[in-house]
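The sequence and structure come first, and the description follows.

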Amino acid sequence: MQSLLAVNFGEIFGNLYEAMGFVQGTDWKNYVMLLISFILMYLAIVKKFEPMLLLPIAFGMFLINIPGAEKVLWGVHPEGDSSFEAVEPSSRGLLWYLYFGVDKVIYPPLIFLGIGAMTDFGPLIANPKSMLIGAGAQLGIFIAFILASVLGFSAAAAAAIAIIGGADGPTAIMVTSKLAPDLISAIAVAAYSYMALIPIIQKPLMKLLTTKKERAIRMKPLRQVSKLEKILFPVVVTLVVGLILPDSITLLGMLMLGNLMKESGVVDRLSTQAQNGLMNTITIFLGVSVGCKAKGSVFLSPETLAIIGIGLFAFILGTIGGLLVAKVMCLVTKGKINPLIGSAGVSAVPMAARISEDVGREYDPQNHLLMHAMGPNVAGVIGSAIAAGVLLACFA
């Protein structure tokens, strides 16, 4: 009884009150970011805009902006040093450890491993000319780099911002984590948001840059690709690109390893694991890790708005670049190539290819462009990895 009476309840409740989040002098920007996270969750759950990544990103953003949660979930920074490594070891929380995979560039290559295990390069092998469309769709990356440089961003930051135009989230995260880690939240959210909004962004551009006659073009069925070709393709591409541009080998090598496991047919368990268990786990870790960097004090700035604007510009130019190359190919082949497949040159697999199919069927319900569009689409994946290698070689 005496020990109970000796307890200072006033001190206990005082400590509890001081530990409450809303008491700890939270910036108003945190509350704005909470609202943004709710909007992103709505888009992921209700509108189903790229929910596999948008939902964990939004929830990571939600967690880190809850007043008082950063010290618990991330850790304590020494005054004046906000770097990843500077967080006091004794205070490091769950999100700090999850983010380790982003900081050390572990998650993006593993995502590419899963993508490779799910990808069929057959349409690209059957129609190698579609590689030109994938290359043309990288136009947005390099023009956006010039624009970002003109607007005052450093060369490294401009390169990280420009990669948004490739419409490839893991590539954007990898390049940014090496070139401009402070910008990773803005660039990742922009990249995945534009990927989710592909139907809204691309369809008007496709209709603007093609004629009704072009949209109704029926393409001949692709030839059957042999198993030997599918096995040799990832090995040859990795060797050739690796010899020319070693900086791209981290992403491209994992992409081709996943594809080789799939096409070889001798490691079905590994291929299945890469496509499902591993891919799903890394997707969760990657999404939450990226979202938790979107703190209000960092995210809500004129710089972030500029990044989002340049990223949209880059994505639009990438779509236009692919469409224009496809139109030229249509002219050269005298109408044998439907220009709609050009929009699939961006690296958003397989959503961009599906949009080509959808728009084509609006003008001819019996016209199936999906497999033809998959060629430029997977070429875009390879192209974005190569573009990333170029930027890293130049500015890392």
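## Aromatic pairs

Phe 38 counts as partly exposed at 43% relative accessibility, where buried means under 20% relative accessible area, exposed over 50% and partly exposed in between, with a 1.4 Å probe and protein chains only. The model is predicted, and local features need pLDDT of at least 70, side-chain atom pairs count only at pLDDT 80 or more, and totals for chains, interfaces and linings use all residues. Residues are numbered from 1 along each chain as its sequence is written, and side-chain values use heavy atoms, with hydrogens and water left out.

Tyr 107 and Phe 285 form a tilted aromatic pair, 6.2 Å centre to centre with 45 degrees between the planes (ring centres of Phe, Tyr and Trp, the last by its six-membered ring, within 6.5 Å; planes under 30 degrees apart stacked, over 60 edge-to-face, the rest tilted). Tyr 107 lies in helix α7 (residues 107–118) and Phe 285 in helix α18, 178 residues apart, the helices being DSSP runs of H or I with at least four residues, numbered from the N terminus. Tyr 107 is buried at a relative accessible area of 7%, whereas Phe 285 is partly exposed at 30%.

## Packing of α6 and α18

Helix α6 (residues 94–103) packs with helix α18 (residues 268–291) at about 105 degrees, their axes 9 Å apart; the pair is therefore roughly perpendicular (65 to 115 degrees). Phe 285 is one of the α18 residues making this contact, and Tyr 99 is among those from α6, contact meaning heavy atoms within 4.5 Å.

Notes
Axes are lines fitted to C-alpha atoms, for helices over the stretch in contact, and angles run from 0 to 180 degrees between N-to-C directions. Helices (H or I, at least four residues) and strands (E, at least two) are DSSP runs, numbered from the N terminus. Angles under 35 degrees count as roughly parallel, over 145 as roughly antiparallel, 65 to 115 as roughly perpendicular and the rest as oblique.
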